[in-house]
Amino acid sequence: MLKQWLARLPLPARRDARNEHAHGGTLALAGLGGTRYRAQQARALDRFDAPLVGVAFALMLLGTVLALLLLLFVLIPGIGKGALGARRWIPLGLLNLQPSELMKVACVLYAASFVVRKQDYIHRFSKGFLPMVAVMAPVGLLLLLQPDLGAFGVIVAISMGILFLGGVNARIASGIAVVLAAAFALVIWLSPWRRERIFAYLDPWSEQNALGRGYQLTHSLIAFGRGEWFGVGLGGSVEKLFYLPEAHTDFILAVLGEELGLVGVMTVVVLFYWLVKRAFEIGRQAIALERTFAGLVAQGVGLWLGVQAFINMGVAMGLLPTKGLTLPLMSYGGSALLSTFVALALVLRVDYENRILMRGGRV
């Protein structure tokens with residue numbers, strides 16, 4: 001086993017390993033620091049690397065705090081930029097920064113770190129769940145003030161999913177799911193415009209909704225219908241010519257369905273399935289190599305991309321109420337693409353380190 005081999009190394013070699021950890025990046029450091037070795041010599045190695053693990057955790061905590069501050073800044077008049085009744089962007093010249101996208105990356109890293117550090121208490125409600133709630137509650141409040149219920153839903157799915165993968169008690173997980181469902185239902189019911197959106201989703205073709213709240217959904221369904229099996233041809237979409245709002249972002253799948261048909265849509269669905277499946281496989285492999293933090297990060301990214309893609313596709317096809325979430329890697333948007341690329345880079349790094357370790361090397 002790798003950890004037994006590392007434990008037998010003399011002290012100078014462990015010092016070199018520490019330097020390699022520092023050179024290899026925060027991901028490998030926190031993965032090694034979060035793994036609990038049972039052998040006495042291996043526990044000594046953990047203590048030897050503790051200062052570097054502390055630096056790694058401090059960097060992740062700093063990133064999370066920075067993302068929280070950006071979520072706060074976006075609400076300040078003169079700093080945040082509003083559009084379509086929401087204030088979600090900070091103009092930076094060439095790029096409109098959307099802090100909620102950066103928070104998704106921070107959430108993956110923090111939740112994975114939390115599970116590793118609290119592994120001994122993960123089955124206890126007070127120490128294994130409430131601290132996560134204390135961190136996510138301010139995030140949720142700031143997102144609802146923008147308002148951005150969709151991003152809040154994705155972040156909740158990421159954090160709760162990583163807790164579940166980390167071994168949280170099944171009864172606690174079930175209770176959490178019920179409470180969250182009730183909370184989301186209450187938020188929707190207390191918001192008149194969200195309530196109207198739900199009613200429009202239930203009957204988008206009615207005379208009252210077809211040109212109102214259900215306008216996007218009806219034109220999205222028209223686009224899918226025009227595409228039939230093989231589509232009208234690449235670039236031949238009519239709905240994207242200002243009939244379908246947000247055709248380049250939230251409803252890009254409808255345009256793709258119109259131009260490439262059912263075959264094109266199914267191809268995209270299969271590709272997303274493969275991407276999420278690979279992220280989970282890489283994470284499971286890392287956990288088997290006793291790199292728990294790295295494995296949970298990879299699986300958290302898989303959860304993020306899978307949940308967000310599912311919601312976007314469901315909205316475009318009329319399976320879910322209309323919600324402003326982009327389709328990862330396909331929708332237009334600088335912040336969304338940037339955060340997705342960072343997340344995929346983390347997964348690739350985990351896979352790279354897995355392959356090195358399986359060949360008998362060190363990271």
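What covers the buried residues of helix 13? The cover includes helix 11, helix 12, helix 14 and helix 15 (292–316). This is a predicted model. A search of the whole structure finds nine salt bridges.

**Helix 13**

- Helix 13 has 13 residues. From first C-alpha to last, helix 13 reaches 19 Å, close to the 18 Å expected at 1.5 Å a residue.
- The buried residues of helix 13 are Gln216, Leu217, Thr218, His219, Ser220, Ala223, Phe224 and Gly227.
- Arg226, which lies in helix 13, is partly exposed, with a relative accessible area of 35%.
- Just after helix 13 comes Glu228, with a positive phi of about 50°.

- Side chains of opposite charge can pair when their charged atoms come close.
- Glu258 forms a salt bridge with Arg226. Their closest N and O atoms are 2.2 Å apart.
- This pair links distant parts of the chain. Glu258 sits in helix 14 (residues 252–288) and Arg226 in helix 13, 32 residues apart.
- Is Glu258 buried or exposed? Glu258 counts as buried, because its relative accessibility is 0% and the cut-off for buried is under 20%.
- Glu196 forms a salt bridge with Arg213. Here the closest N and O atoms are 3.4 Å apart.
- Glu196 belongs to helix 11 (residues 192–202). Arg213 belongs to the loop between helix 12 (207–210) and helix 13 (215–227). The pair therefore ties together parts that are 17 residues apart in sequence.
- Glu196 is partly exposed at 40% relative accessibility. Arg213 is partly exposed too, with a relative accessible area of 39%.

- Asp351 forms a salt bridge with Arg355, with 2.9 Å between the closest N and O atoms.
- Both residues lie in helix 16 (residues 334–358). They are four residues apart, about one turn of the helix.
- An α-helix has 3.6 residues a turn, so residues three or four places apart point the same way.
- Asp351 counts as buried at 10% relative accessibility. Arg355 counts as partly exposed at 42%.
- Elsewhere, salt bridges that share partners join Lys277, Arg278 and Glu281 into one network.

**A three-stranded sheet**

- Strands of a sheet pair through backbone hydrogen bonds, either parallel or antiparallel.
- Three strands make an open sheet in the order 1-2-3, with antiparallel pairing.
- Why is one side of strand 1 and of strand 3 left without a neighbour in the sheet? Strand 1 (81–83) and strand 3 (96–97) stand at the edges, and each has a single partner strand, so one side of each has no neighbour there.
- Strand 2 (residues 86–91) pairs with strand 3 over two bridges, in the antiparallel sense.
- Ile90 stands opposite Leu97 in strand 3.

**A nonpolar surface patch**

- Which residues make the nonpolar surface patch of about 520 Å²? They are Leu61, Val65, Leu69, Leu72, Phe73, Ile76 and Ile79.
- Ile79 lies in the loop between helix 5 (50–73) and strand 1.
- Ile79 is partly exposed, with a relative accessible area of 35%.

Note on methods
Residues are numbered from 1 along each chain as its sequence is written. This is a predicted model: local features need pLDDT of at least 70, side-chain atom pairs count only at pLDDT 80 or more; totals for chains, interfaces and linings use all residues. Side-chain values use heavy atoms; hydrogens and water are left out. Two strands pair if DSSP finds at least two bridges between them. A salt bridge is a side-chain nitrogen of Lys or Arg within 4 Å of a carboxyl oxygen of Asp or Glu. Buried means under 20% relative accessible area, exposed over 50%, partly exposed in between (1.4 Å probe, protein chains only). Patches are made of residues with over 30% relative accessible area and no salt bridge: like charges are joined within 9 Å, nonpolar side chains (Val, Leu, Ile, Met, Phe, Trp, Tyr) within 5 Å. Accessible areas come from the Shrake-Rupley method with a 1.4 Å probe; for residues, only the protein chains shown count as cover. The expected span of a helix is 1.5 Å times one less than its number of residues. Contact means heavy atoms within 4.5 Å.
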